[in-house]
Amino acid sequence: MIKNIFKMLALGVLMAVPSFAAVARTYPDALAKTGKNPIVIFIYGANYDKVSEKTYEAFIKKNKIAPYVRQCTFLEMPLYQMPSDREKKDMEKRLGNKRLPGGIRCYPCLAVVDAKGNLRGAVQTPEEMKDPEVALASLKTLVANFYAQEKLIEKARKAKGEKKAEFLLAASDIDLQMPSDVIGKEERKSLEDASALGNRVEFDPLTVVEALQTKDYSSANSYVRNLMAQGGYSKLQRQMIMAAYAGHLRRGGEGRTPASKERLRALYTEMRNIDPNSTYGAYAEGALVIWVEGGKLTDDPIPTEINRVGNTSDDGNSSGSSGNTAMGSTTIPAADDDTPGAVDDDAPSDADFEGDDF
Amino acid sequence: MTVRLIKLLTASFLFFCLGIALFPSLFPTKVEKKVTKVQNVDTPIVRDTKVDDWSHDDEIVDDDDSAWEEEPEDTTPERRIGRQDDETFDEDDVPLDARQNVVPEARVQAQFTSALGEMRRLTDKLEKQEAENFTNDEFKADDWADPEKIYFTLADRIISKLGKLDDATILKFMQEPGNRLDLARVTLIRKAGSQAIRSVTTRPKGKELMAYLCSDLNWMTNMLHSGPTKNMEQALCYLETLYGKVGAEELKVPVTRRIATTTAMEFAREGWSENDMINRFNYYNNSWKEGKLNSYFDQLQYWETRFVTGCKQPSDGAGNWGSPRNLAWHRDNVRLPMEQYLGAEGQLAYRLRNVAGDSVFSAEYLAPIWKYVNFTTGWAYREIGGVCGALSHYATFSALAAGLPAATMGEPGHCAYAMRIGNTWHRGNSIYWQHSLHKTFWGEPEWGYLHLTQRLYEERFKTCAADQLVAMADFLTARRKMKAAFSCYEIAVKAQPNNWPALKRYAAYLKLKAPNDLEKWMTLHDTVMDGMGKEHYHAAATMQARYVYPNLAPLIKDRAKLNKMYSGLFNHFKDWGANRWDIAPILDAQISTCATDSEKKAYLREVLRVLMRRPDYSGAVLTWGLGYISRLPEGDGKIQEEFTNMLVQAMSRTGASSKQLDETWATLGEAIHAAAKNKERRTFQAIGKLAYRKCKKKFNKKGPRIKGFPGRVVSATGWIDTATTIGDMSNCCLHWGVLQRYGGNMPGKFEGKAGLTVGMEKKSDLTGVVCITHEKALKKDRPFYLEVSDDGQNWYRVRPNGEIKGGEIRFNLKGSGAAGKFVRMLREGDKYEPGIAGFYVYGRPQKN
């Protein structure tokens, strides 16, 4: 009985201890041994940055990150500014003949890299990197996304035709960078063949702007509604299409009267509601204030959710980030005039927008 | 009686009114005196401006430290020390010493040997003594209420210590830190003016600051000799504000002191507000204290810190890059090792329009996003993207926010930036050689001066010794010791020949005191060539052109000798130096000293003889020559023709051997580009034909196949120009080829109203135009337009628009009645277009 209790206790202790990550000493070593698992690289300024020093102390010396990254390969990578000969040698030793992936905007950071050296994501905003607990939470999400995406890519590799395309699109829906080499010739063909699913890969927002430029409202409306009905576009892409459409109507020009505020309200609301939390959700929210309500975006204290990702006070204390998830769908009050704009009599008639689902 | 009463009442009333009017000035109240303005300042600082309602006459005014003190009465005018600027040489009212009232003879190099040896010793001493930091609190806070008294006490002391005023005594004097501190105090009073110092001392902490600052030699030296000292009086006021905020203890911290001093100096120099100055100081000081700046910031000297703390657009608000919130965002979100800031613009998407189709140049471009990004400029552009301006500012302000020197700079039609990695400045996002830096010390925005500034202050102690000797020369000038002043200026510019402001000041003094002294001007000329001219070609040439030639040339009677001196300037330079620069202002300055046409011809012959042998300069001199001819007054056209012939002859002498082929090609390319810009049809054609003869290999053997229009190709004998900025002009002769049957190449870019323009020999009745691009299938999303003009100024559009067939654009003008001497092709939008291979205008020249 006592034996059994001890066994249970030992099992409990073992379960409570997190499994340790494999630790690599060099980047080529990490690339070689990581296999299907991601490499988590802690990249930091080794000789120029006190923030990195503090972060190193909190994240690495206190062993806060590595033990919790489970199957990942963990690597520490110091960066040197104007390196001395000794520092150059250290870098050469750590990097071998490889180069760190591009696309990181800020150090210190935790970069998630695959076995081929593709950067898939990074924890790098100041508010994430300020605290190991917060950084770890973000990192875990990235790693979970990595596995989920890899699984879908693997399925896509095995599948054919429309199924292949579906897996690829599902993979690209995950909030993580896709490796650049995933969509090869065969994948592209599958995407193109699968009705409208290739749209996402080929999408260029400025092509929509250019296509709309010479269209009257009626044909612009048909064009946009047709695009939206085709499917295949991501939420962000759909918001961009709406931005181009609303911009086209807002500006008018070439004999066209700018659309009424009511119509713009409908379009920007539709755009916002696709994904209120994205950059273009916030764009739509701002557009509603300044172009529909006729107000101004004021420098009032901003909502808490925005504060979280980038509030900077006048004296220069910032908690800032590039935050893609900041603004919710709460209405920003108009500063000067909060009444809805009057209906524009010169606006194009509803006949111009036949089929538009306002 | 009544009349008398009325008169009496009127008189009483008038007296009463006069009394009321004069009362405030005769019996001023405390509150009114709280208004303090700094004298001689463009934007006076006004504080606590209350309107007195006389309701507190009986109140006891609390005269604690924070209260403003009464403005002391003016000193008698003759005792005032006027503010000295860079251009003037004021003299104190002191007796003239006859022995000193002479211009000393020009010295040869050997006569400087001993003095330069002493200067080297002084340089070494400055380095050693900096670590010891000399302080002397002889003048207490209250003493600074009377700056004139301090000035005259110090002036007498300095003069008595200088004894016989020869080189040895002066340089020995300079080696003593106590003497240097005295000189620095005198210099500060002269730079700010005594009235301004007096105003500073009326501020709450003014006297304390003056006593504190003027007791510390290192601080004074760094303030006075780390770049320009414009608006010193304002800088002192700003420094007083910061001193009041952080206190003496914090200002003892070297980095805080450096941040405070440089911020005050730069904001005063730029004329920016006190509030912004405080915010900027807080940003850097707090960031440094919190360990958020790049550690390289800790080692910066005062001069280089000024690039950082003095970065532009300091006010808070959307669109400002230098606002505290934007700097803080960059600091925290673009934290990189120094080398990686160069290229940080890659974090932004290049976009002329946002996804809504709004132009980057419109207010709508970022408008809806400001709230989301908390009115943070860098963040906004990172979300939406931008063009060269946003990209370059993003990289620049990322470095600046981390405390690293950088500056944006303009290029023709483009924005780039300069960034320092270690001690070397690098160009970022740059496409062209012409740079106009947005941050300069001497108002000279070209790249060469940045290089010169770096070199000058890298030799910190040597420059400091020279600067202090210039300060001594200025002081001696003020004390009417001309002979000694001359010696000091001459030794200073010899000891540190890269000292641009010192050379300028000496030239100004020479112009004032000895304008006709040929030997002295020649010595200055040679000093510039032997010193600055060794490495900093642009600055040396500009120094000669602006400050030496106008004074020296009239003194040289032998024109041949003068022309040799002019061409010798370019012979002295190995290449372009740090960067290519514009030689036209130098050549303009040289030719402007020629009085007659024959003198001009002789000059042109000489410079062409020398410069056409120099591959670096040959294209530039031809470009200048063509431009010069186009600017000459019309007259009978004889001189233009002679000049043109000289240029064409010079061009035809260029080598055509395989070894020289590329050089000749590049030279002619630059010249033909200039001819097109000047709309010089004949020269354009002459150079084109010459290039074809000499460099046939560079042209196509076979041209594109064209289905033409009736008539002949009337554009073949014209000129063609593009609105695109061309960075590398070496292939511009192919522009001429674009008009010929074998075709050529030129960049096609049609931004708004820009495009390709062709000037024809004669006005013609047009039948059609064919444009061949290098594209196989042009996009048809935007139409091409054609416009025609008789004078190149007034244009009208002809119909129909261009028909796009594959890579070809065709305008069929049959029956349109279009006629003109100039034709241009345009396209709406703002995208780069494929290159142009051929452009052919068909028609029939009109007889008249």
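Chain A of this predicted model holds an open sheet of five strands, ordered β1-β3-β2-β4-β5 with mixed pairing. Strands pair where DSSP finds at least two bridges between them. Helices (H or I, at least four residues) and strands (E, at least two) are DSSP runs, numbered from the N terminus. The edges are held by β1 (22-24) and β5 (119-123) of chain A; each has a single partner strand, so one side of each lacks a neighbour in the sheet. From one strand to the next, the twist averages 25 degrees. Axes are lines fitted to C-alpha atoms, for helices over the stretch in contact, and angles run from 0 to 180 degrees between N-to-C directions.

Within this sheet, β2 (residues 39-45) and β3 (residues 73-79) of chain A are parallel and share seven bridges. Ile43(A) lies opposite Met77(A) in β3(A). Helix α3(A) packs on the sheet and touches β2 and β3 of chain A. Its direction makes about 145 degrees with that of β2(A). Contact requires C-beta atoms, placed from the backbone, within 7 Å.

The contact between the chains takes 47 residues from chain A and 44 residues from chain B. On the chain A side, the elements giving two or more residues are α3 (50-61), α10 (205-213), α12 (235-251) and α14 (279-292). That side comprises 24 nonpolar, 16 polar and seven charged residues. Ala, Val, Leu, Ile, Met, Phe, Trp, Tyr, Cys and Pro count as nonpolar, Asp, Glu, Lys and Arg as charged, and the others, Gly among them, as polar.

In chain B, strand β8 (residues 756-773) is mostly covered, with 15 of its 18 residues buried. Buried means 20 or more other C-beta atoms within 10 Å of the residue's own; exposed means 12 or fewer, and partly exposed lies in between, with C-beta atoms placed from the backbone. β8(B) pairs antiparallel with β6 (residues 719-722) of chain B over four bridges. There, Thr722(B) stands opposite Leu756(B). Six bridges join β8(B) to β13 (residues 819-827) of chain B, again antiparallel. Gly759(B) has Phe822(B) as its bridge partner in β13(B). Five antiparallel bridges link β8(B) to β12 (residues 808-812) of chain B, where Ile809(B) faces Cys771(B).

Helix α23(B) (residues 537-552) spans only 19 Å between its end C-alpha atoms, whereas a straight helix of 16 residues would span 22 Å. The expected span is 1.5 Å times one less than the number of residues. A kink of about 40 degrees is centred on Ala545(B). The bend is the angle between axes fitted to the seven residues ending at a residue and the seven starting there. Of the 16 residues in α23(B), 13 are buried.

Residues are numbered from 1 along each chain as its sequence is written, and chains are lettered from A and ligands numbered from 1 in the order in which they are written. Local features need pLDDT of at least 70 and side-chain atom pairs count only at pLDDT 80 or more, while totals for chains, interfaces and linings use all residues.

Methods: Two residues are in contact if their C-beta atoms, placed from the backbone, lie within 7 Å.
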